Amino acid sequence: MTQHSRDMSRRRLLFGGAAVGAGVLLAGCTSNEQTPTEAQTKAADGNANAEPGKQVTIGFSAPAADHGWIAAITNNAKAQAAAYSDVEFKTVEAGADAAAQRAALSTLISQKPDVIVLLPHDGKELNSFGLEAMAAGIPVVNLDRAFPDAKAYRLQIKGDNYGMGVSAATFIAEQLKAKGISNPVIAEIAGMDELELTQERTKGFNDTLAQHGLKVQNRRAARFTADSGQQEASQLLQALPKIDAIWNHDDDQGIGVLAAISQANRSEFFMVGGAGSKKAMEDIQADNTVLKATVTYSPSMASSAISLARLIGQDRGMSDLVELQVPKEIVLASETITKENASNYLKLGF
Amino acid sequence: MTGHDAVSGTDVPPAEATAGDVVLRLTDVVKTFPGVRALDGVQLEVRAGEVHCLLGQNGAGKSTLIKVLAGVHRPDSGHVEWCGEPVGFANPQAAMRSGIATIYQELDLVEDLSVAENVFLGHEPRRLGFIRRGHMAGRTRQILGRLGHAEIPPGRMVRALPAAGKQVVSMARALSHEARLIIMDEPSAVLAHDEVGNLFRIIRELTAQGIAVIYISHRLEEIREIGDRVTVLKDGRTTAANLPARETPTSDLVSRMTGRTIEYVFPDRPAETVVGDELLQVDGLTRAGEFADVSLSVRAGEIVGIAGLVGSGRSEVLETIYGARTAGAGSVRMAGRTLRPGSVGAAVKAGMGMAPEERKSQALLLGEPIYRNVTLATFGRYARFGFTDASRERAEADRIAEDLEMRPRDVRRAVRTLSGGNQQKVVVGRWLLGDTKLLLLDEPTRGVDVGARAELYQVIRQLAAQGVGVLLVSSEVPEVLGLADRVLVMREGRVVRTAPAGELDENTVLDLVMAGSLMEGAPA
Amino acid sequence: MSERPPATTTQLPAQSPPVDPAETEEAGRRTPTATAGASGRLSWWHGDGGEGAKRNLALIGVLLALFVIGAATRSDLYSNPDWVWANMLSILKLASVVGVVTVGMTFVIIGGGIDLSVGAIVALAGVWCTTVATQSFGAGGMIFTAIIVGMAVGLVNGTLIAYGRLVPFIATLAMLVAARGLAAEISQKQTQISQNSTINGIASTDLLGIPLLVYILAAVVAAGWVLLNRTTFGRRTVAVGGNPEAARLAGINVKLHTLLLYVLSGLCCGIAAIMLTAQATSAQAAMANLYELDAIAAVIIGGTLLSGGRGTIIGSLLGVIIFATITNLFAINGLSTEAQNMVKGGIIVAAVLIQQVQFGSLSQFFRRNRLTTS
């Protein structure tokens with residue numbers, strides 16, 4: 001009995017020591033000393049608007065979603081604001097959903113910023129906030145997710161979800177035509193299906209494929225995460241023993257999709273990505289995976305939004321335009337990045 | 001086991017026993033469940049305005065019979081005649097509507113609804129879909145008044161009522177249905193002593209209004225006091241019907257219940273009690289609000305009994321000695337070594353074992369097989385490198401089952417399927433496996449039928465003869481006096497008397513446990 | 001002797017009711033000593049092992065039905081035996097990660113608790129083991145990190161529940177939020193790519209034609225089965241979950257055991273984190289989304305009592321495989337994820353209903369009625 005308990009206490013001691021050691025070791029392991037993503041800032045150039053103007057306070061809010069693209073949006077906005085000496089940047093975390101974001105934003109209004117730049121969780125749900133801020137005399141720059149009400153924003157800058165689908169479908173159709181494949185099997189791995197942007201991307205994709213007489217054979221929706229991308233892709237590959245082309249909506253989940261493809265030893269097809277992450281661009285450049293292209297939906301729009309918000313706050317226009325004020329709506333084109341032009345875009349990758 | 005000759009002993013009711021008409025008559029009612037014949041030809045006749053007592057051991061079929069009457073079960077064969085009409089209730093609501101109300105032992109009240117809401121649960125007076133609260137409260141008040149309990153506010157949450165109050169609410173619910181027959185399943189079990197009198201007063205008022213009552217109880221003295229006639233069930237059959245409740249000799253009733261003539265059968269005391277070394281030494285044990293300054297000792301081979309009312313602190317003392325509660329002050333020593341307070345593990349290691357008061361909730365894994373319950377405290381000993389040895393456990397449990405005459409013997413059956421007495425044997429048997437030196441027994445025979453009781457007494461005596469010390473708590477004074485060598489009497493958290501069992505009798509002990517004792521200040 | 005009034009007349013008032021005779025009466029009656037031989041043989045079927053076995057047979061029946069539906073709807077694919085084999089392996093791979101998590105969850109639930117934080121632990125362990133710093137220690141360092149992080153989080157859960165007396169639901173719900181938060185903080189919301197080919201190879205390696213992930217699942221399930229059914233740890237788990245008070249009064253250290261159950265669940269999450277990281281060749285704070293619900297659902301349809309005290313590892317495994325098969329079935333038919341989720345919800349309800357109606361024999365119904373009405 002005593003022998004036993006002595007063993008027990010020794011075991012406990014050993015375990016305790018190991019636990020402490022492991023704790024110390026692990027604490028060191030949270031470090032993520034990567035080369036930081038180069039922020040996609042537009043450095044001051046010879047442009048007249050680069051001259052410091054009136055001091056502007058810009059309030060900023062974007063969802064706390066755990067996604068590389070959203071993270072890049074926030075980072076870009078921060079970095080762009082830091083590039084201007086006349087901009088004070090105030091950011092509020094938007095929490096997990098529209099209601100949380102609305103609560104966070106109401107604290108922002110009370111701080112009376114000159115302009116608010118906002119990536120809403122959901123444009124429809126936060127429309128009323130836009131109206132409220134505009135009525136309070138604070139111009140609102142809507143990033144990416146549109147408010148339905150035109151009075152709710154001063155400027156809307158967004159990517160082109162429908163256009164992504166169009167670009168992806170166009171690339172796929174051209175490639176298949178070039179290869180002379182008739183009756184090709186085309187698959188699609190979408191992002192979160194409950195989001196409107198996913199629906200728009202899919203619609204653009206389907207519409208454009210139809211113009212070429214093509215259609216999607218099988219479609220799975222993942223959740224913008226690599227593990228969900230891997231799971232959905234593995235099942236999709238199971239469903240389609242032979243595939244000619246895949247469009248994957250999102251390069252972040254694409255990491256998992258590519259993993260699934262290599263785990264299944266499949267390579268008879270080519271794949272088009274979406275959004276334009278740095279990893280995807282590097283893969284395209286290296287040309288050693290099935291990923292041959294990606295269609296952009298660039299988080300650089302956040303940098304542009306900050307720049308334009310500053311101009312709005314300073315009552316200035318865009319210097320290349322004749323108009324004295326910043327326009328009301330800017331839609332970024334979805335560009336197709338291939339091996340040929342990847343090097344140009346690499347600095348915009350997130 | 002065949003035919004109905006067992007009923008041949010049925011006494012024809014004396015004409016003067018009851019005056020009312022027969023409201024309920026059961027003839028040859030049979031109800032089987034897979035593997036069991038729960039009712040095997042039951043005869044029952046209940047008259048208006050009488051208290052008809054149903055007597056039988058655990059497993060005799062009383063509960064099944066109640067459920068047949070309450071519409072929970074439908075009989076397989078036989079006739080149920082209610083007010084002269086053959087009936088077969090499809091569900092409890094149907095039985096309720098025709099005027100049969102059942103008050104189960106665990107009162108089926110909704111704790112978080114008010115008294116009135118409970119009384120009218122399921123048949124609330126409504127108008128246009130809205131409950132007429134005022135009307136409901138008024139009628140509840142009226143019914144409670146009829147039961148002599150006008151002081152219970154209809155708006156009070158049931159949770160806030162004491163057990164006796166809840167029982168009154170259950171009865172009020174029965175009356176709200178205009179019940180003409182109320183079945184009460186062990187109603188006194190949840191009541192304190194003085195509340196039973198009140199219950200009987202209510203029952204008398206009900207019967208005076210022509211309502212029939214079927215009264216189920218284990219306690220013969222209650223049956224004598226409140227009952228008019230008695231029907232005895234055994235093994236799902238009526239072994240005697242309509243015996244006069246007051247005049248029938250106890251031995252007669254017991255023999256019809258058990259097939260044996262036994263009362264409290266205590267094994268003979270050994271000619272000389274071989275008392276060994278001091279085993280347990282408790283000094284000045286105190287827990288604020290529960291008990292104070294309790295000192296006692298148990299020697300090897302000695303049975304020490306603690307007598308006391310609920311609330312006297314007796315069970316709490318036992319649990320504190322065992323480490324299930326942490327003592328505020330005082331010490332517990334086993335064979336000279338002081339135990340860490342509040343540690344059951346330390347107590348078990350030192351050789352203690354306990355059979356707690358509430359078998360099902362405190363001692364058993366009901367869905368698990370018998371053998372796993374028997375080895376619950378010892379399976380680690382049979383294990384090798386952490387791997388259990390089920391066959392060895394079964395063998396050990398088999399041995400225990402054999403020794404204790406457990407029924408069934410098949411130790412792979414779930415404990416759930418055992419009767420109360422056999423479940424208690426499982427709990428006691430658990431401690432026979434280890435090197436238990438001291439056994440703490442809290443109400444060891446509660447809910448145990450007469451036959452199994454005697455067997456348990458025998459087991460306890462044998463253990464003591466083998467040198468195990470026993471500390472026994474019981475509400476039943478004869479049990480304590482009949483079994484223990486030495487008796488401690490507790491009142492209000494203190495030991496008021498310690499004496500050899502031979503120096504005490506029932507009346508003395510009763511005087512001691514009740515307030516206003518003659519013996520106040522007697523040497524403890 | 002019989003002249004004396006019965007001794008019970010001096011019974012002292014008892015506040016608490018005696019043991020409910022209703023239940024014992026039913027079954028305690030006439031226990032057939034005469035038929036003991038027959039009942040001995042049948043007791044496996046009727047006894048403790050039988051109920052679980054019958055339930056598992058029902059689950060296998062569901063799997064067969066799903067297979068038949070698959071074969072009927074995609075006869076073109078199912079006509080190729082190679083494809084069918086590959087598809088079965090793909091289903092098992094899909095089930096592997098949740099399966100490992102579910103083994104831990106089964107223990108926690110049998111032990112009377114619940115662990116809502118498993119998905120978050122997988123994410124935290126996955127993120128922690130794919131930081132640049134951890135990856136510099138190689139595959140061993142990554143595996144060690146994931147497992148230690150999982151167990152450490154389990155230790156915190158267990159401590160809060162066993163010694164801090166928090167309700168498991170609340171403690172693990174808080175951990176769900178906190179662990180994902182920490183994961184997001186560590187990863188800075190980025191997807192962390194695993195550069196380690198050994199780790200990534202876990203998901204792409206086959207041994208004897210069967211994926212390594214399936215071996216890992218099988219090993220964890222086998223270990224879980226042995227642990228639950230053949231060890232003192234398993235016995236204590238059942239006791240602690242079935243009746244904590246009885247376990248305590250029998251001398252079992254209920255608190256310590258409860259703590260260990262959550263550590264075990266954390267360990268399973270750590271293993272699962274490695275597997276999932278290998279599959280996705282990356283980790284991020286949002287990974288293993290809603291795995292807690294998948295695992296709990298699998299445990300429930302596997303026949304484990306949510307209140308604790310009874311359950312089977314095999315049933316839980318079958319539950320996970322059924323869900324993976326449904327996902328696969330919808331994928332190969334090109335049906336939407338929404339419909340798939342609705343069917344999964346339906347399956348949970350149907351599985352429980354079938355078990356109650358078909359295999360909960362009349363006597364069980366009876367017993368349940370007793371429990372509720374008396």
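This is a predicted model: local features need pLDDT of at least 70, side-chain atom pairs count only at pLDDT 80 or more; totals for chains, interfaces and linings use all residues.
Chain B has an open sheet of six strands, with mixed pairing. Read across, the order is β18-β19-β20-β15-β21-β22. Which are the edge strands? They are β18, residues 352-355, and β22, residues 494-500, both of chain B. Each of them pairs on one side only. On average, neighbouring strands of this sheet are turned by 15° against each other, direction ignored.

Now look inside the sheet. In chain B, β15 covers residues 303-307 and β20 covers residues 469-474. The two pair in the parallel sense, over five bridges. To find your place, take Ile306(B): it stands opposite Val473(B) in β20(B).

Next, the helix. Helix α9 of chain B, residues 314-322, lies across β15, β18, β19, β20 and β21 of that chain. Its direction is about 150° to β19(B).

On to the backbone. Most residues other than glycine have a negative phi. Here are two with a positive value.

Asp144(A) has phi near 70°. You'll find Asp144(A) in the loop between β4 (140-143) and β5 (155-158) of chain A.

Asp293(B) has a positive phi of about 50°. Asp293(B) lies in a strand, β14 of chain B, residues 291-299.

Asp293(B) is partly exposed, because it has 14 other C-beta atoms within 10 Å.

Key. Residues are numbered from 1 along each chain as its sequence is written. Chains are lettered from A and ligands numbered from 1 in the order in which they are written. Two strands pair if DSSP finds at least two bridges between them. Helices (H or I, at least four residues) and strands (E, at least two) are DSSP runs, numbered from the N terminus. Axes are lines fitted to C-alpha atoms, for helices over the stretch in contact, and angles run from 0 to 180 degrees between N-to-C directions. Two residues are in contact if their C-beta atoms, placed from the backbone, lie within 7 Å. A residue is buried if 20 or more other C-beta atoms lie within 10 Å of its own, exposed if 12 or fewer, and partly exposed in between; C-beta atoms are placed from the backbone.
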